[in-house]
Structure formats: structure tokens, C-alpha cells
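Thank you all for making time this morning.

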Amino acid sequence: MSQLIDIHSLATLLDDPKLCLIDCRFSLDQPDQGRFDYAAGHIPGARYMHLDKDLSAKVVPGTTGRHPLPDPGLLQTRLQRIGLNNADQVVIYDDGAGMFAARLWWSLRWLGHTSVKVLDGGFQAWTNAGLPVSQETPRPAAEGNFQGQADNSKLIDAAEITQRLNDSSLQLLDARGPARYRGEVEPLDPVAGHIPGAANLPCAENTLADGRWLTPEQLKSRFAPWHDSGKELVSYCGSGVTACHNILAAVEAGLPEPKLYAGSWSEWITDPQRPVARD
């Protein structure tokens, strides 16, 4: 079953009472920009969730990464407040390529919601097609009944990665761009480089220039080096957000779901004893 939904299929669902539509547009450079963009115009019926305030825990300097996972109970409460029910079909979108939408997609699956899709091409595809937008903020008639249970088997932490750095059965996949992976530039974190043994699989290459996703066959080919390898795949990035994009790509391709190192690079480097590679 596809993890994506196209704009025309979504348009037919807008009046469905079991649709829970979530806008999670965000800018790392300007954290409030997504909320401003939502107020200026969004897909009718969409609720807004903020990466920093709704989908992440507070940063603990020197301990956590830049976007720690939220407490599962708090995230469940936030989802209930926007009206999410257990039986709802959730559709998530951001500006285009799904970099932030994928984080919420993963988070909902982590809590056990089984009907979650990302809008292919996002808000950009919607507006490019001339489909309607709204400035009205929907108010749920009542809190939703969603009850989640975190499945932490989807996660791996820094301690386990450290123990398994020389374990040939583990393969880390770094979702950042090649220059950041190699340590040539680092615009966000105080240390450049990557976790030793990690392979670079830039998540930006999961989509076309217009933000639409590659086909499942094309996505599968991106993981070709690890087909039938028996390796356990782990996805990480700078802060545990775009790593989810590669996880979605693997699931969309019909491959086993990689684990998420949620703390990612920004957490890894908080401990100077952890090794760093540059190449």
C-alpha cells in the first residue's frame, strides 16, 4: 500500500469526516515561517502542527540533538487536540518534497496509527494545480479519541550504535547532502563529518525537482547496494527529521523499514568520545 496520496485523490476526500489533514510546513532558518504560511493560505480543513513546538521535545544543550522526539503521551495529547481519531485517514503535507511531513508520518506510525499518507508534491503541487486554499482555521467539535502506544523497536540509540560500529550486520545511512556527509561544510552543527561506517543516501534525491516522489521502483534502486545483504539499516540525518524521508522511501519501495536514530548527528557530536569520520 502506498504511503503517498496525490492531490486529486486528496481533493475528493476534503469533505470526508474521517479525514485528518495536517499542515506541517516549516523552515529551519525561520521557525515561525510555516505558521505564517499556514495563516496566509492552506488546504481547506488542514490543521497546523509545528516541528519545534508540537513534534519535538525541548532541546537539552550538550545532551540531545536539535529535534528530540517528543514524549509519546504529550504527542498523543497534541494529536487529540487537533481532533485525531483512531479511525481517521491522516494526510500530511509540507511545502513540497515532504522533508517535514515525513517526520510526522514516522511519528504517527511510531505511535501505532496505521492510516497515514504524505501528499505527493505537497502544498506546491496543490497550488500549482489551481486547487482551493483557505485561511480559515478549523476548530474540532471535540477532542479526538486517538490512543497511541510508542513502538520503540523502530528506534536505535547512540549507545547501541557505538557498541555496533564494527558490526557488519549494521548499516547506517546518512540522509544529509554529500558535502555535509563528507565534512566539507556544516551549516547547522558545531562539528562536521559523519558517523564512521555510514553510507551517504541523500534524501533530497528521493523526489523530483517539483517535490513529487520517485516511483517505488526508482526508490528501490536507491537502496540497491543493500538488497539481500541481510544488513539492518539505520537512518539518520542532522537532527532526526529528514532521516524519516529515507525511511518513507524504503517503505514506499516495499523494503524492510529502517530503524531511526532520532538524535542523529547533532546528538552524536554532543559526546566528544564518539568517533567522527570525514572523507
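Strands β1 and β5 pair in the parallel sense over two bridges, where strands are DSSP runs of E with at least two residues, helices are runs of H or I with at least four residues, and both are numbered from the N terminus; two strands are said to pair if DSSP finds at least two bridges between them. Within that pairing, I5 has L119 of β5 as its bridge partner. Before I go further, please keep in mind that this is a predicted model, in which local features need pLDDT of at least 70 and side-chain atom pairs count only at pLDDT 80 or more, while totals for chains, interfaces and linings use all residues. Residues are numbered from 1 along each chain as its sequence is written, and side-chain values use heavy atoms, with hydrogens and water left out.

The β1 and β5 pair belongs to an open sheet of five strands, whose order is β1-β5-β4-β2-β3 and whose pairing is parallel. At its edges stand β1 and β3, the latter at residues 47–48, and because each has a single partner strand, one side of each is left without a neighbour in the sheet.

Let me turn to β2, which pairs with β4 in the parallel sense over five bridges and with β3, again in the parallel sense, over two bridges. On the β4 side, L19 stands opposite Q89, and on the β3 side, I22 stands opposite R47. Is β2 enclosed by the rest of the structure, or left open? Five of its five residues are buried, so β2 is largely enclosed, where buried means under 20% relative accessible area, exposed means over 50%, and partly exposed lies in between, computed with a 1.4 Å probe on protein chains only. From this strand L19, L21 and D23 point one way, whereas C20 and I22 point the other way, and all are buried.

D23 deserves a moment of its own, since this residue of β2 has a relative accessible area of 0%. Which residues does D23 touch, if we do not count those up to four places away in sequence? They are Y38, H42, A46, R47, Y48, M49 and Y93, with contact meaning heavy atoms within 4.5 Å.

There is also an open sheet of four strands, in the order β7-β6-β8-β9 and with parallel pairing. Its edge strands are β7, at residues 199–200, and β9, each of which pairs on one side only. Strand β6, residues 170–174, and β7 pair in the parallel sense over two bridges, and there L173 has A199 of β7 as its bridge partner.

In β9 we find L260, which counts as buried at 0% relative accessibility. Leaving aside neighbours within four places in sequence, L260 is in contact with W106, K154, L155, I156, S235, G240, A243, C244 and I247.

Just after α9, G254 takes a positive phi of about 85°.

Now to the packing. In soluble globular proteins, nonpolar side chains tend to be buried together. A nonpolar core here is a set of buried Ala, Val, Leu, Ile, Met, Phe, Trp, Tyr and Cys residues joined through side-chain atoms within 4.5 Å. The largest such core has 53 residues, of which L79, I92, W105, W106 and F223 touch the most other members. At least two residues of this core come from each of β2, α3, β4, α4, β5 and α9. Apart from it lies another core, of 15 residues, including L10, Y38, Y48 and Y93.

F223 touches L173, L201, L233, N246, A249, A250 and L255, again not counting residues up to four places away in sequence.

Finally, a word on annotation: the unreviewed UniProt entry places the feature "domain: Rhodanese" at residues 15–135 and 166–277, bearing in mind that UniProt positions are given in the numbering used here, that feature names are shortened, and that annotations may be inferred rather than shown by experiment. Over residues 15–135 the chain is 29% helix and 13% strand, with the end C-alpha atoms 17 Å apart. For residues 166–277 the values are 24% helix and 12% strand, and the end C-alpha atoms lie 14 Å apart.
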